[in-house]
Amino acid sequence: MQIWVDADACPKAIKDILFRAAERTGIMTILVANQYLQTPPSRYIKSILVTSGYDVADNEIVKRLRAGDLVITGDIPLAYEVIGKGGHAINPRGERYTQDTIKERLSMRDLMDTLRASGINTGGPSALTSRDIQAFANQLDKFLAEQGRK
């Protein structure tokens, strides 16, 4: 198993948690972004720089993903593809996407896109809170513990 990070929009606090988890577990953690990312020196952490463009980082993750890998992303369509390929997805707020929840989340995302396109201000996501960061850390630890038992 590897951990893939949709890193362009991933908050620093979440990346820091992932860096510590990579060192603690020895699981390869790969950040994919279209800009240079500074990562700590580690044999378990690497980054892949992709060209700029719509969904280029997402497409790279999907291309390299293997069944059982974990992807950290707030991008619902990416999470949908990950789950379709047998992967796992957690967002930076600690929500784990599953076969049971991803279609509903995708439908809601599409509805919000339609509303925004018609001129309705739907607002954006709230700022990441310390509670969100803790929820992410807890969900990541739970996931890694589950994988350790397999």
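View 1. N91 is buried, with a relative accessible area of 6%. Buried means under 20% relative accessible area, exposed over 50%, and partly exposed in between (1.4 Å probe, protein chains only). The model is predicted: local features need pLDDT of at least 70, side-chain atom pairs count only at pLDDT 80 or more, and totals for chains, interfaces and linings use all residues. Residues are numbered from 1 along each chain as its sequence is written, and side-chain values use heavy atoms, with hydrogens and water left out. N91 sits in the loop between β5 (88–90) and β6 (96–97). Helices (H or I, at least four residues) and strands (E, at least two) are DSSP runs, numbered from the N terminus. Which backbone nitrogen does the side chain of N91 reach? That of R93, at 2.8 Å. Not counting residues up to four places away in sequence, N91 touches T73, G74, Y97 and F136. Contact means heavy atoms within 4.5 Å.

**View 2. P92, in the loop between β5 and β6.** P92 counts as buried, at 13% relative accessibility. Its contacts, leaving aside neighbours within four places in sequence, are P11, I14, T73, G74, L128, D132 and F136. Take T73 from that list. P92 and T73 are 19 residues apart along the chain, and their C-alpha atoms are separated by 6.6 Å.

**View 3. D55, a residue with a positive phi.** Most residues other than glycine have a negative phi. D55 is not a glycine, yet its phi is positive, about 65°. D55 belongs to the loop between β3 (45–49) and α2. Is D55 buried or partly exposed? D55 is partly exposed, with a relative accessible area of 29%.

**View 4. D58, in helix α2.** Helix α2 covers residues 56–64. D58 counts as buried, at 9% relative accessibility. Leave aside its neighbours within four places in sequence, and D58 is in contact with D6, D75 and L78.

**View 5. T101, in helix α4.** The helix spans residues 99–117. T101 counts as partly exposed, at 28% relative accessibility. A polar atom of the T101 side chain lies 3.0 Å from the backbone nitrogen of T98. How far from T101 is I45? The two are 56 residues apart in sequence and 30 Å apart in space, C-alpha to C-alpha.

**View 6. The whole protein, for orientation.** The protein has five helices and six strands. Along the sequence they follow the pattern β-α-β-β-α-β-α-β-β-α-α. The radius of gyration is 15 Å, close to the 15 Å that the globule rule gives for 150 residues, so the protein is as compact as a globular protein of that length. That radius is taken over C-alpha atoms, and the rule is 2.2 Å times the number of residues to the power 0.38. The C-alpha atoms fill a box of roughly 50 × 35 × 30 Å, taken along the principal axes. Buried residues make up 40% of the 150 residues. Among contacts between residues at least 6 apart in sequence, 50% join residues at least 24 apart.

Key:
A polar contact is a pair of N or O atoms within 3.5 Å; within protein, one must be able to donate a hydrogen and the other to accept it, and residues adjacent in sequence count only if both atoms are side-chain atoms.
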